[in-house]
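Thanks for making time this morning.

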Amino acid sequence: MMARGIRVRRAPAGQPARDDFAMVDQAVPNHVDGDLVIRALMVSVDPYLMMPIRAGAFPEGRIRSRTIARVEQSHAPGFAPGDLVLGFARWQERDCVPAAEMRRLEPMAPLPAYLGIAGHSGFTAMVGMALLDPQPDQTVTVSSAAGMVGLVACQLAKAKGARVVAIAGGAKAAHVARLYGLAAGVDHRGRDFATRLEAACPDGIDRHFENVGAHVLDPVLACAGEGARVALCGLIEHYGNDAPVALAHFRAILLKTISILPFSIYRHEADYPAALDELERMVLSGALHAPETIHEGFDAIPDAFLAMLAGDGFGKHLVRVAD
């Protein structure tokens, strides 16, 4: 069986371009016992993919990311044709995947939520906020606040009674602040970012959720209060190059006893099922909500990936491949 797919034509030296991806007809692997033949319905494009793409880590350049799909053939107990499943699959219209790597969905929330707010993005925000443990009236800043992880992190921090400041590019920062009733929104692309951040946090920063990198983190360190905590979730600013990273306010980490807490959700897998149930309940109750940027059609996957890296749109970037 053949299927349309997308491959990395060459590993980009820096930020990728459209020409780095090729549309091809490629073979769907032959199934063995325990496999599912699936048809993709919705594909997630995420910042972390930059690292394996640049490293040439995907076999034959066949990128894998989180996908919601419909089972066409089942060769595994517990799955039947027509079932909806979520897991990692290649960027192709049909694929053959191990059933053990897929989760059967019985959706109550809208389907896109399970790749974003009620999926890994929401779980990432929950893990980071648990590390930060914001308290009422503390000032919490969230970078990349217009992305899905940031949007959920802002809402979780506010629900704890914290004073939340959204950091995002351009007018999106103010929009996020208005959407969720936050204390302020600060544009990190402005030349006066550091000054505006300081003005938005007059009593200093107690907790910070970092998704971007040094461009945002450095001014945050300058504003941080004694004993501040930073949850280091992502470094999208640095995924496209190998240049050294310098922090002008590095000394503040010691002088203010700032805790830098890097984390990976893959070290919290035991908490994942319960967290997904909680996220789904919060979405259904209206306690969590977030916009999504939906791109239409299989051919749109590379452009959706590039748009996400460029910071375009709001919330989770998803590609609707089929209904």
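His188 sits in the loop between β10 and α5 (193-200), where helices (H or I, at least four residues) and strands (E, at least two) are DSSP runs numbered from the N terminus. The model is a predicted one, in which local features need pLDDT of at least 70 and side-chain atom pairs count only at pLDDT 80 or more, while totals for chains, interfaces and linings use all residues. Residues are numbered from 1 along each chain as its sequence is written, and side-chain values use heavy atoms, with hydrogens and water left out.

With a relative accessible area of 15%, His188 is buried; here buried means under 20% relative accessible area, exposed over 50%, and partly exposed in between, with a 1.4 Å probe and protein chains only. Leaving aside residues up to four places away in sequence, His188 touches Ile167, Ala168, Gly169, Phe193, His215 and Val216, contact being heavy atoms within 4.5 Å.

Two of those partners, His215 and Val216, bring us to helix α6, residues 214-223, which is mostly covered, with 8 of its 10 residues buried. Among the buried ones are Ala214, Val216, Leu217 and Asp218, and also Cys223.

Ala214 is also touched by another histidine, His238, whose contacts, again not counting residues up to four places away in sequence, are Val212, Gly213, Ala214 and Val245. His238 lies in the loop between β12 (224-232) and α7 (251-255), and it is buried, at a relative accessible area of 16%.

Let me turn to the sheet. Which strands form it, and in what order? There are 6 of them, forming an open sheet in the order β10-β9-β8-β11-β12-β13 with parallel pairing, where two strands pair if DSSP finds at least two bridges between them. At the edges stand β10 (184-187) and β13 (259-262), each with a single partner strand, so one side of each is left without a neighbour in the sheet. On average, neighbouring strands of this sheet are turned by 20° against each other, direction ignored; axes are lines fitted to C-alpha atoms, for helices over the stretch in contact, and angles run from 0 to 180 degrees between N-to-C directions.

Within the sheet, strand β8 (residues 139-142) and strand β11 (residues 205-210) run parallel and are joined by 3 bridges, and Thr141 has His208 in β11 as its bridge partner. Helix α4 (residues 172-180) lies across β9 (163-168) and β10, running at about 165° to β10.

Now the pockets. On a 1 Å grid over the protein atoms alone, a pocket is an open set of points where a 1.4 Å probe fits, with protein on both sides within 12 Å along at least five of seven lines, and lining residues have an atom within 4 Å of a point. The largest pocket has a volume of about 1200 Å³, a volume being the space filled by probe spheres set on the points, with grid points joined across faces, edges and corners. It is lined by 48 residues, of which Pro47, Ser144, Asn211, Ile236 and Tyr239 lie nearest its centre. The elements giving two or more residues to this lining are α1 (50-55), α2 (120-132), α3 (148-159), α9 (301-309) and β15 (316-320). By class, the lining of the largest pocket divides into 24 nonpolar, 17 polar and 7 charged residues, with Ala, Val, Leu, Ile, Met, Phe, Trp, Tyr, Cys and Pro counted as nonpolar, Asp, Glu, Lys and Arg as charged, and the others, Gly among them, as polar.

The second largest pocket has a volume of about 290 Å³. Of its 14 lining residues, Phe88, Glu101, His120, Glu269 and Tyr272 are the closest to its centre. β5 gives the most to this lining, with 3 residues, and the classes in the second largest pocket are 7 nonpolar, 2 polar and 5 charged.

Finally, two backbone details. Glu60, in the loop between α1 and β4, has a phi near 60°, a positive value in a residue other than glycine, and Glu60 is exposed, with a relative accessible area of 57%. Asp133, in the loop between α2 and β8, likewise has a positive phi, of about 50°, although it is not a glycine, and at 37% relative accessibility Asp133 counts as partly exposed.
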